[in-house]
Amino acid sequence: MIAKIGRGSRIYGALLYNHTKVLEDKAAILSMHNMLETPDGNYTPGQLLSSFLPYLSANKKTEKTVLHVSLNPDPKDAVSDADYIKIANDYMQQMGYGDQPYIVFKHSDINRSHIHIVSTTVDKNGVKIPDSFEKKRSMEICRQLERDYNLTQVDEKKKAVDTDLFQPVDCTGQNIKNQIASVVRYLPKYYGFQTLGSYNTLLSLFNITAEHVKKEHNDEIKEGLVYFALDADGNKSSNPFKSSLFGKQAGLAALRTHFEESKVILHETKAAIAQVVNEGMSSTTNQYDFNNFLIRKGINVVLRRNEDGRLFGITFIDHNTKQVLNGSQLGKNFSANAFQELFSNSSLQGKEKKFSNMT
């Protein structure tokens with residue numbers, strides 16, 4: 001089971017996001033802990049917010065008062081609603097939030113069920129709840145919950161990633177469709193990416209691209225994705241394959257849901273990636289060495305330049321945290337303009353490479 005911990009400053013936004021899923025029949029409220037309840041059991045985001053207001057009003061100086069956690073079992077785990085509630089309560093108790101108000105939503109809008117927990121990071125006295133070593137503690141708790149509830153161990157998932165699932169497509173070989181399928185059917189289960197552009201950046205490591213298509217049918221606009229294999233130069237080298245050939249998880253609707261879920265990123269995760277990138281910027285003198293430095297740290301760098309050679313985009317694919325982030329998402333110091341200035345001072349910019357043999 002994988003836990004994604006997000007923090008923010010607007011709890012109403014987190015409540016509205018989950019409640020909208022409820023209204024769309026893509027989610028349901030499983031349980032509420034230390035929350036004000038209504039006589040009929042129906043809720044609005046405003047009613048849910050009322051349970052948190054005393055805590056937020058008492059807040060002393062904490063900026064990020066929102067805790068938004070998603071707990072994601074392996075897709076093949078069949079978890080009952082009763083067990084989901086127990087898992088949520090056990091997780092929150094062991095993370096130090098057992099006395100907090102929180103609400104548990106079960107999401108079923110993709111091909112696997114999972115839960116979201118919304119709470120606040122400040123206690124009833126307005127004091128921030130300690131979060132030291134949060135990521136490490138969360139991982140340890142997830143491993144224990146896997147044992148307690150007979151869930152698939154995360155090590156088994158890692159083994160699956162290390163097999164032949166994610167091999168770059170060989171456009172000169174046979175069964176191009178099967179080669180693409182072995183990547184796009186499973187990639188969203190392991191990597192977080194927030195836009196179609198980020199998804200394509202990740203796919204490029206495997207010599208694949210996805211193209212957004214629209215067409216009119218019976219006076220209605222239909223849209224979807226088609227996939228192509230790419231050659232060594234990044235050019236399309238196959239016929240288009242409709243996403244429906246690879247299952248719902250490879251389609252536009254499922255991916256748009258994945259984009260939204262991927263926006264819940266642990267602050268510590270961004271900070272860790274930014275630290276490695278900053279080390280690379282400080283310890284190398286040109287683009288080629290910078291790329292190689294990050295490769296050794298488990299991070300791919302993909303650069304985008306215009307016809308004049310000016311850098312207008314940079315994306316980092318961290319295979320350690322399984323996150324795909326643009327430089328601007330890490331901070332202003334890591335924007336494309338910052339790297340354009342850095343690399344323009346170097347006489348050896350090097351050729352952009354994919355380094356697709358990362359594990």
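Helices α4 (residues 81-95) and α5 (residues 134-148) pack at an angle of about 145°, their axes 10 Å apart. The model is a predicted one, in which local features need pLDDT of at least 70, side-chain atom pairs count only at pLDDT 80 or more, and totals for chains, interfaces and linings use all residues. Residues are numbered from 1 along each chain as its sequence is written, and side-chain values use heavy atoms, with hydrogens and water left out. Helices (H or I, at least four residues) and strands (E, at least two) are DSSP runs, numbered from the N terminus. Axes are lines fitted to C-alpha atoms, for helices over the stretch in contact; angles run from 0 to 180 degrees between N-to-C directions.

The α4–α5 crossing is right-handed (the near helix is turned clockwise from the far one by less than a right angle). From α4, the contact (heavy atoms within 4.5 Å) draws on I87, D90, Y91, Q94 and M95. From α5, E134, R137, S138, I141, C142 and L145 take part.

Strands β9, β10 and β11 form an open sheet in the order β9-β10-β11, with antiparallel pairing (pairing requires at least two DSSP bridges between two strands). β9 (299-305) and β11 (323-326) are the edge strands; each has a single partner, so one side of each lacks a neighbour in the sheet. Neighbouring strands are turned by 20° against each other on average, direction ignored. Seven bridges connect β9 with β10 (residues 311-318). N300 lies opposite I317 of β10. Helix α11 (residues 267-283) lies across β9, β10 and β11 and runs at about 65° to β11.
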